[in-house]
Amino acid sequence: MGENEMAVFGVSAAEEEIYRHFLRNPSTAADDLHLLLHTEAGQARARIDRLRELGLLRVEDDGRRIAPVDPETALSRLVDLRLHALHQELQRVTQSRHVIDGLRAEQGARTPPPQGIEQLEGLAQIRNRIDDLAFFARDEILSVEPYTRLSPENIARSRPLDLRCLRRGVRIRNVVSSVALQDPPTAAYLRELTEHGASIRVTADTTERLLVYDRRAALVPLDPGDTSRGALLAHRSGLVSNIIALFEKIWDQAEELSLADGKDGGADGQARQGLSPMERRVLVAMCTVGKDEAGARELGVSVRTYRRHVAELMQTLGAASRAQAALLARERGWI
């Protein structure tokens with residue numbers, strides 16, 4: 001018996017073999033069919049009856065001979081029947097909220113979580129949910145993670161998911177603690193992510209921890225100081241919008257990784273001479289671009305961040321004005 005090509009229509013291999021027999025031998029008697037198929041007469045008759053119910057076979061006028069229905073006509077009818085069955089199944093699945101309610105009732109006296117908010121308990125459950133959310137992310141991942149370093153195990157665990165997201169075109173915006181740049185493996189990993197397209201900024205004064213996936217789901221710890229106590233996962237709610245607004249505030253006040261990275265004396269172990277490439281770009285923009293908005297746009301940073309770096313450069317140069325800063329920078333050969 002060959003491959004059961006008609007299984008998708010609910011036709012068994014044995015029934016398909018009978019239908020194919022009648023296609024090859026139209027208008028034949030069915031009395032001895034069980035001998036040809038090496039089966040019992042009762043089984044052959046039952047299968048023929050079912051094929052008639054499915055519209056694949058029909059009895060001819062003499063009542064003794066059986067003919068196959070044209071395959072195109074028969075399969076069109078089977079497609080309609082199958083689609084109808086699938087539609088009914090889909091309706092049953094989408095209307096299964098009562099199953100969730102019934103299962104939740106089994107939890108006894110526990111109070112159900114607010115609509116759209118789920119409580120996660122334990123690091124294992126939190127990590128598994130983070131892995132799922134990252135795996136299925138389609139557009140954007142926002143995060144604030146004030147860790148001081150990442151262990152080799154954390155980096156090995158995060159790298160495949162992060163790089164997979166970036167390869168699929170998911171935008172990653174991440175704010176981390178500036179202290180993390182003092183740990184060479186952590187700093188190297190952050191630079192690796194930026195090389196693959198991630199946008200990373202650093203800050204010295206945040207204790208917030210948050211993750212947002214596709215602006216639909218947001219994860220925050222119950223206790224920012226002890227993530228092992230659990231977390232709340234919000235879905236499509238006003239809470240998600242508020243968490244996104246908090247992220248944007250932290251993001252706007254943070255500093256680009258490339259700028260902060262140049263202040264650590266050279267994470268590669270070499271002392272910095274003069275300005276970092278980003279500081280040089282800020283200085284050139286300060287001297288050549290009229291408005292701060294234009295300078296910030298040219299460097300791809302916020303106006304607030306641009307102005308802060310201009311002020312820091314002026315302080316480094318000991319200049320009282322931007323014009324004096326440009327003059328001193330030229331005297332030192334920085335531009």
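Student: In what order do the eight strands form the open sheet, and what is the pairing?

Tutor: This is a predicted model. In it the order is S4-S10-S9-S8-S5-S6-S7-S11, and the pairing is mixed.

Student: What makes S4 and S11 stand at the edges?

Tutor: Strand S4 (117-120) and strand S11 (255-256) each have a single partner strand, so one side of each is left without a neighbour in the sheet.

Student: How do you know that S8 and S9 pair?

Tutor: Two strands need at least two bridges to pair. Strand S8 (residues 210-213) and strand S9 (residues 217-221) have three bridges, in the antiparallel sense.

Student: Which helix lies across S4 to S11, and at what angle to S6?

Tutor: Helix H9 (residues 238-253) does, running at about 65° to S6. Among the strands it lies across are strand S5 (140-145) and strand S7 (199-203).

Student: Why is the pair Phe247 and Trp251 called stacked?

Tutor: The ring centres must lie within 6.5 Å and the planes under 30 degrees apart. Phe247 and Trp251 are 5.8 Å centre to centre, with 25° between the planes. Therefore the pair counts as stacked.

Student: How far apart are Phe247 and Trp251 in helix H9?

Tutor: They are four residues apart, which means about one helical turn.

Student: Why are Phe247 and Trp251 called buried?

Tutor: Buried means under 20% relative accessible area. Phe247 has 0%. Trp251 has 9%. Both values fall under the cut-off, so both residues are buried.

Student: What makes Phe135 and Phe136 edge-to-face?

Tutor: Planes over 60 degrees apart count as edge-to-face. Here the angle is 80°, and the centres are 5.1 Å apart.

Student: Why is Phe136 called exposed, but Phe135 partly exposed?

Tutor: Exposed means over 50% relative accessible area. Phe136 has 52%, so it is exposed. Phe135 has 37%, so it is partly exposed, between the 20% and 50% limits.

Student: Which charged residues lie over the faces of Phe135 and Trp251?

Tutor: Arg164 lies over Phe135, at 3.9 Å from the ring centre. Arg173 lies over Trp251, at 4.7 Å from the ring centre. The cut-off for distance is 6 Å.

Student: How many residues has the largest nonpolar core, and which have the most contacts inside it?

Tutor: The core has 33 residues. Those with the most contacts include Ile141, Leu181, Ile200 and Tyr213. Helix H7 (residues 152-167) gives the largest share, five residues. Apart from this core lies another, of 18 residues, among them Leu259 and Met314.

How values were computed: Residues numbered from 1 in each chain as written. Predicted model: local features only at pLDDT ≥ 70, side-chain atom pairs only at ≥ 80, totals over all residues. Heavy atoms only, no water. Helix = DSSP H or I, 4+ residues; strand = E, 2+ residues; numbered from the N terminus. Contact = heavy atoms within 4.5 Å. Axes fitted to C-alpha atoms, helices over the stretch in contact; angles between N-to-C directions. Phe/Tyr/Trp six-rings, centres within 6.5 Å; stacked < 30°, edge-to-face > 60°. Buried < 20%, exposed > 50% of the residue type's maximum accessible area, 1.4 Å probe, protein only. Lys NZ or Arg CZ within 6 Å of the ring centre and 35° of its normal. Core = buried A, V, L, I, M, F, W, Y, C linked by side-chain atoms within 4.5 Å.
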